[in-house]
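Trainee: I'm new to this one. Could you walk me through it, a feature at a time?

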Amino acid sequence: MISVKSPKKLIEVALPLDIINTACAHEKMPGIGAHPRGIHLWWARRPLAAARAVIFSQMVNDPSWKWEMEHPGQVPPGNLKASWAASRNRLFKIIEDLVQWENTTDEMVLEKARIEIKKSWWEVCKLNQDHPQAAELFNPDILPGFHDPFAGGGAIPLEAQRLGLVAYASDLNPVAVLINKAMIEIPPRFAGQPPVGPLPPSEKVEASLYEKTWPGATGLAEDVRRYGAWMREEAKKRIGHLYPPIEVTREMASERPDLQELVGKKLTVIAWIWARTVKSPNPAFSHVDVPLVSTFILSNKKGKEAWVQPVVERDSYRFTIKVGAPAEEAKGGTKLARGANFSCLVSGTVIEPKYIYAEALAKRLGTRLMAVVAEGVRGRVYLDPTSVIEEIAVKTHLTWIPELAMPENPRWFSPPIYGLTTYGDLFTPRQLMALTTFSDLVAEAREKNHHDALASGLTDDNKGLNTGGTSALAYAEAVSVYLAFAVNRCADFSNSVTRWVPGNQKVMNLFGKQAIAMTWDYPEANILADTVGGFSQVKEYISSCIKKLSPSEAGFSIQFDAQTQTTSVNKVVSTDPPYYDNIGYADLSDFFYIWLRRSLRHLYPELFATLAVPKAEELVATPYRHGSKEKAEAFFLDGMTHAIHKVAEQSHPAFPVTIYYAFKAAETKSGNTASTGWETFLEAVLLAGFSIVGTWPLRSEQEFRMVSMGTNALASSIVLVCHKRHADAPTISRRQFQRELNAILPEALDEMTRGAEGDHSPVAPVDLSQAIIGPGMAIFSKYSAVLEADGTPMSVKTALQLINRFLAEDDFDPDTQFCLHWFEQNGWKEGSFGDADILSRAKGTSVAGVCEAGVIESGGGIVRLRKWSEYSSDWDPTTDSRLPVWEALHQLIRALKEGGESASGVLLTVLSNKTEAIRQLSYRLYTLCERQGWAEDARAYNELITSWSGIEEKAQEARQPSPTQGRLF
């Protein structure tokens with residue numbers, strides 16, 4: 001390990017978590033417009049706001065670094081701590097501006113951050129100017145490069161590039177590598193390049209267009225839009241007959257008042273709604289193709305309801321469309337229960353899953369058209385299916401069908417158990433014809449673009465993208481990469497395992513979640529229509545997403561196994577590795593790989609050399625691939641240890657490494673937060689030679705999910721801050737470890753719940769169980785081992801249990817201790833007086849005394865705690881002779897609920913001697929409620945803490961004398 005002088009970084013001390021988390025939640029909300037993630041789908045991307053804030057904080061020196069370097073282990077004087085707090089607040093303001101979605105491409109905001117990074121880098125270089133490798137490691141004029149060895153969807157490398165670093169992205173998965181090329185490698189090569197393609201014929205040419213400048217990737221984005229428009233028009237010529245408009249006849253409108261104004265009009269079809277079918281198991285009706293339908297509802301929008309009514313006619317049936325409130329039986333379709341449980345529409349015979357499995361595997365599933373969705377004058381209209389419309393959809397001459405088999409892993413892929421065994425089986429004949437047509441047009445658009453680029457004056461060195469080209473040929477290839485991505489996005493919407501959403505009346509893409517799930521009824525989108533899933537909308541969206549990139553610095557994307565990569569050498573590293581067994585990236589991305597390989601194989605022959613995405617080395621604990629859960633876990637631990645060891649060995653010695661982990665599953669045994677994947681991952685990090693100096697929980701879900709779900713949904717990522725552990729790190733005993741925890745964690749917990757000297761907001765209760773792991777693991781991981789009494793090394797799981805124990809400590813008045821432990825046992829439910837009497841005696845109080853305090857009700861041999869809503873609003877704490885912390889806390893919650901921060905602030909003015917205890921109790925109760933799954937109660941305590949700063953401000957205002965101020969109560 002190279003010994004360098006490394007100032008402590010901001011991320012090692014404090015982060016404005018609330019600001020970052022709010023920005024992350026906003027970024028995940030629908031309707032924010034174009035986002036770089038829209039260039040190509042990838043699973044579990046980190047929010048750009050989080051990546052940007054983490055990298056900035058990882059590179060910027062903490063204000064305390066000079067003093068701590070000169071006075072290691074000493075307690076700083078108060079005036080210095082106040083100065084550092086002010087300096088941190090200045091950095092936090094930069095972060096606050098930096099993470100706002102509207103500032104993503106704001107150069108003024110970004111430049112402030114870049115200047116701060118350079119300033120810190122100069123300080124590092126000055127410290128190490130006499131280092132023997134100073135020329136190599138510490139050039140003040142050149143920032144170190146950045147590397148993400150698990151680059152995935154490219155969010156982290158993109159934000160490093162945005163912050164002024166040359167970004168390197170590597171991944172084993174070729175789809176991920178190509179996404180990163182599109183995000184960070186291609187745009188800088190053609191930054192400022194004006195578009196070369198002609199405007200679509202339907203668009204007016206304005207003189208101002210020729211005077212326009214094309215900064216960044218805007219010219220590239222415009223050419224993607226223009227050549228995409230050309231592809232769509234060419235596709236119309238070739239396959240337009242497969243997507244004919246539908247004319248509304250008088251006969252169709254005879255019983256449909258909603259169609260009267262549309263008679264004689266030819267409407268564009270938006271989608272066709274299909275149902276899979278199976279022959280009836282009833283011998284008397286074995287000729288009937290029974291529709292397997294989960295719902296007959298087409299639209300449940302108020303005032304525009306529509307549904308499919310099956311009409312049984314003796315031993316057959318037909319579908320017709322009804323408008324208005326649907327019949328009750330329409331909501332359930334022919335489905336009886338979850339899974340493949342249906343009933344025969346004609347005979348009523350129950351169709352069991354094993355029968356459907358057998359028929360499906362024998363390739364005897366069929367399809368039946370249920371409805372046609374068209375674009376009317378005032379929105380969607382639903383029309384009856386006809387045999388002519390149905391025949392058009394299936395009578396196509398296919399020239400290519402993807403034959404790659406899907407994995408036999410029902411956890412992520414359910415279609416194979418129903419006979420859809422290859423990726424080609426996921427598409428209807430018309431969808432395959434459309435996607436192969438568009439795929440072929442990518443190559444044609446590339447040739448046309450090349451010709452137009454030369455005509456516009458671009459030179460040509462005949463070097464393509466893959467060989468570093470930057471002239472006409474490479475530019476044409478660059479545009480074609482994004483056009484191939486447009487085909488992939490269409491494939492996500494144009495397959496037979498999509499869903500129709502009655503609420504917003506549109507097609508929901510396949511990858512609404514991280515799996516390919518079987519659907520029984522499905523929509524077939526019109527790929528030529530200007531609607532969701534149509535190529536026209538897709539190319540417009542991708543074009544707008546390209547404009548959100550930041551091609552200010554060079555970027556490089558390379559295919560590399562993280563276990564063997566050498567790219568990290570002397571680079572800043574932040575990475576988001578696979579999460580144990582949560583997502584099967586390689587298996588899932590084959591869906592896109594087959595289409596990309598068809599369009600771009602000749603551009604990137606090495607990237608698309610294999611028939612499928614490489615899987616053997618993928619670091620995911622997948623039991624079906626490794627033979628057992630135990631073998632899968634061993635594979636993951638060994639591989640992740642090697643990969644992270646590479647980072648620890650190679651990364652720049654002056655910077656910590658940041659590693660994301662998606663904390664998902666939770667166990668509540670013994671009241672400790674734990675997860676098999678989390679423990680295994682931490683163990684890999686420690687075995688790799690890292691010590692962990694911080695754990696920061698970052699939320700990335702929408703606000704409505706934050707309210708309704710527990711810690712593991714809220715703190716969806718934990719960022720580990722790591723330094724390489726000293727090679728000569730000693731061992732300590734369990735007793736010594738506990739002694740250090742006892743000395744350090746109370747202060748760390750106090751800083752987290754209070755906010756360190758006012759320089760940041762307190763960590764919310766919802767995040768505390770993850771955040772406290774940081775200082776605890778910092779102690780555990782700085783030693784080569786913590787030894788148990790028998791001499792064996794302590795496990796990560798045991799260490800986590802000892803760390804989590806600090807969240808359960810309490811030191812409150814006897815009445816509050818009674819309430820706390822009674823609540824833990826009974827919640828708000830009633831319990832027996834005998835139990836309450838025993839508990840109260842153990843806590844040094846009595847049932848009568850606690851009842852006198854007004855926090856419980858007792859009578860008839862029954863005792864129960866009073867909820868905050870039952871507390872009196874005219875309560876005066878100045879006259880309350882018995883005021884436990886429990887009562888003060890719940891009165892504050894009542895005041896906050898009823899009167900907001902102002903009311904609770906006024907109340908806090910006369911509770912100042914209990915302020916700290918109230919706050920600690922709120923944290924303690926939140927943790928308890930979260931572990932018990934009491935979401936509503938947990939929310940009340942969480943709201944109090946997240947409002948704490950505002951409440952204290954209102955209390956301070958209330959303490960100021962006023963000529964008109966009377967008694968507070």
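Trainee: Where is Asp530 found?

Mentor: Asp530 is found in the loop between β17 (521–525) and α16 (535–546). Those labels come from DSSP runs: helices are H or I with at least four residues, strands are E with at least two, and both are numbered from the N terminus. Bear in mind that this is a predicted model: local features need pLDDT of at least 70, side-chain atom pairs count only at pLDDT 80 or more, and totals for chains, interfaces and linings use all residues. Residues are numbered from 1 along each chain as its sequence is written, and side-chain values use heavy atoms, with hydrogens and water left out.

Trainee: Does Asp530 count as buried or exposed?

Mentor: Buried means under 20% relative accessible area, exposed over 50%, and partly exposed in between (1.4 Å probe, protein chains only). Asp530 counts as exposed because its relative accessibility is 51%.

Trainee: And what does Asp530 touch?

Mentor: Contact means heavy atoms within 4.5 Å. Not counting residues up to four places away in sequence, Asp530 touches Arg232, Ser536 and Gln537. With Arg232 there is also a polar contact of 2.7 Å between the side chains. That term means a pair of N or O atoms within 3.5 Å; within protein, one must be able to donate a hydrogen and the other to accept it, and residues adjacent in sequence count only if both atoms are side-chain atoms.

Trainee: How about Asp452: is that buried or exposed?

Mentor: Asp452 has 15% relative accessibility, so it counts as buried. Its place is in helix α14 (residues 429–455). Leaving aside neighbours within four places in sequence, Asp452 is in contact with Val196, Gly197, Pro198 and Tyr227.

Trainee: Now the sheets. In what order do the 7 strands of the open sheet come?

Mentor: Two strands pair if DSSP finds at least two bridges between them. Here the order is β18-β2-β1-β19-β20-β22-β21, with mixed pairing. β18 (555–559) and β21 (690–698) stand at the edges with a single partner strand each, so one side of each has no neighbour in the sheet. From one strand to the next, the twist averages 20°. Angles run from 0 to 180 degrees between N-to-C directions, with axes fitted to C-alpha atoms, for helices over the stretch in contact.

Trainee: How do β1 and β2 run?

Mentor: Strands β1 (residues 146–148) and β2 (residues 167–171) run parallel, joined by 3 bridges. Helix α7 (residues 155–162) lies across β1, β2, β18, β19 (572–575) and β20 (657–661), at about 170° to β1.

Trainee: Which strands form the hairpin with 2 residues between them?

Mentor: β26 and β27 do, and Gly860 in the turn has a positive phi of about 60°. These strands, residues 856–859 and 862–865, run antiparallel with 4 bridges. Ile856 has Leu865 as its bridge partner in β27.

Trainee: Let's finish with the other sheet. What order do its 3 strands take?

Mentor: The order is β7-β8-β9, and the pairing is antiparallel. β7 (297–299) and β9 (316–323) are the edge strands, each pairing on one side only. Neighbouring strands here are turned by 30° against each other on average, direction ignored. Between β8 (residues 306–313) and β9 there are 8 bridges, and Pro310 stands opposite Phe319 in β9.
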